[in-house]
Amino acid sequence: MNIFQTFLRATRQGTYRSDSIYVGDMTPELLDSYILWRREIKQNSDATINHSLTPIIKACAYACEMGMMEPAVNARIQDMRIVTKVSLSEEEAEFDGKSLSKEQMAALLEYYKTCTEPRRKEFLEMFFFAFHACGLRVVDVMT
């Protein structure tokens, strides 16, 4: 939200103060310009931008429930997340330092089968659950 305030101040789009906006004044066009500003000025990735949109989108949904925002405007805002492109081409298969190869996953599974420490086995089970649940963060599963 601090970066959103910086955006409002930098673009002079605040309606309450120079860095604040009434929730009823939120529009899809304003969010479009925010997304563009994050890409061009802040040079953020789509995932980072989506993460930053979460509190704004939630606030708009709550404002709509409270009657402070038109449902049609809220519906458009709820669809403002950036859809990331998924590619399975071999050219983009560089190691990013965060993903395991098929061989490493197989070795981990083999280690799980022979592991005798119950607590370590439990952590591995959480990891495999997160992996098979389409990329849940292991920290979230553990919590």
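Colleague: In which handedness does H3 pass H4?
Modeller: In this predicted model, H3 passes H4 in a left-handed crossing.

Colleague: What is the angle between H3 and H4, and how far apart are their axes?
Modeller: Helix H3, residues 46-65, packs against helix H4, residues 71-78, at an angle of about 160 degrees. Their axes lie 10 Å apart.

Colleague: How are H3 and H4 oriented to each other, then?
Modeller: They are roughly antiparallel, because the angle is over 145 degrees.

Colleague: Which residues meet where H3 contacts H4?
Modeller: From H3, the residues are Ile57, Cys60, Ala61 and Cys64. Across from them, H4 contributes Pro71, Asn74, Ile77 and Gln78.

Colleague: Is Cys60 buried or exposed?
Modeller: Cys60 is buried; its relative accessible area is 1%.

Colleague: Let us change topic. Where is Ile41 found?
Modeller: Ile41 sits in the loop between helix H2, residues 28-40, and H3.

Colleague: And is Ile41 buried or exposed?
Modeller: Ile41 counts as exposed, because its relative accessibility is 58%, and the cut-off for exposed is over 50%.

Colleague: How far apart are Ile41 and Phe7 in sequence and in space?
Modeller: Ile41 and Phe7 are separated by 34 residues in sequence, and their C-alpha atoms are 9.7 Å apart.

Colleague: Moving on to H5 and H6: at what angle do their axes cross?
Modeller: The axes of helix H5, residues 102-114, and helix H6, residues 118-132, cross at roughly 140 degrees and come within 10 Å. That angle makes H5 oblique to H6.

Colleague: What is the handedness as H5 passes H6?
Modeller: The crossing of H5 with H6 is left-handed.

Colleague: Which residues are in contact there?
Modeller: On the H5 side they include Met105, Leu108, Leu109 and Tyr112. Among their partners in H6 are Arg120, Lys121, Leu124 and Phe128. The residues of this contact of H5 with H6 divide into nine nonpolar and four charged, with no polar ones.

Terms used. Residues are numbered from 1 along each chain as its sequence is written. This is a predicted model: local features need pLDDT of at least 70, side-chain atom pairs count only at pLDDT 80 or more; totals for chains, interfaces and linings use all residues. Side-chain values use heavy atoms; hydrogens and water are left out. Buried means under 20% relative accessible area, exposed over 50%, partly exposed in between (1.4 Å probe, protein chains only). Axes are lines fitted to C-alpha atoms, for helices over the stretch in contact, and angles run from 0 to 180 degrees between N-to-C directions. Helices (H or I, at least four residues) and strands (E, at least two) are DSSP runs, numbered from the N terminus. Angles under 35 degrees count as roughly parallel, over 145 as roughly antiparallel, 65 to 115 as roughly perpendicular and the rest as oblique. A crossing is left-handed if the near helix is turned anticlockwise from the far one by less than a right angle, and right-handed if clockwise. Contact means heavy atoms within 4.5 Å. Ala, Val, Leu, Ile, Met, Phe, Trp, Tyr, Cys and Pro count as nonpolar, Asp, Glu, Lys and Arg as charged, and the others, Gly among them, as polar.
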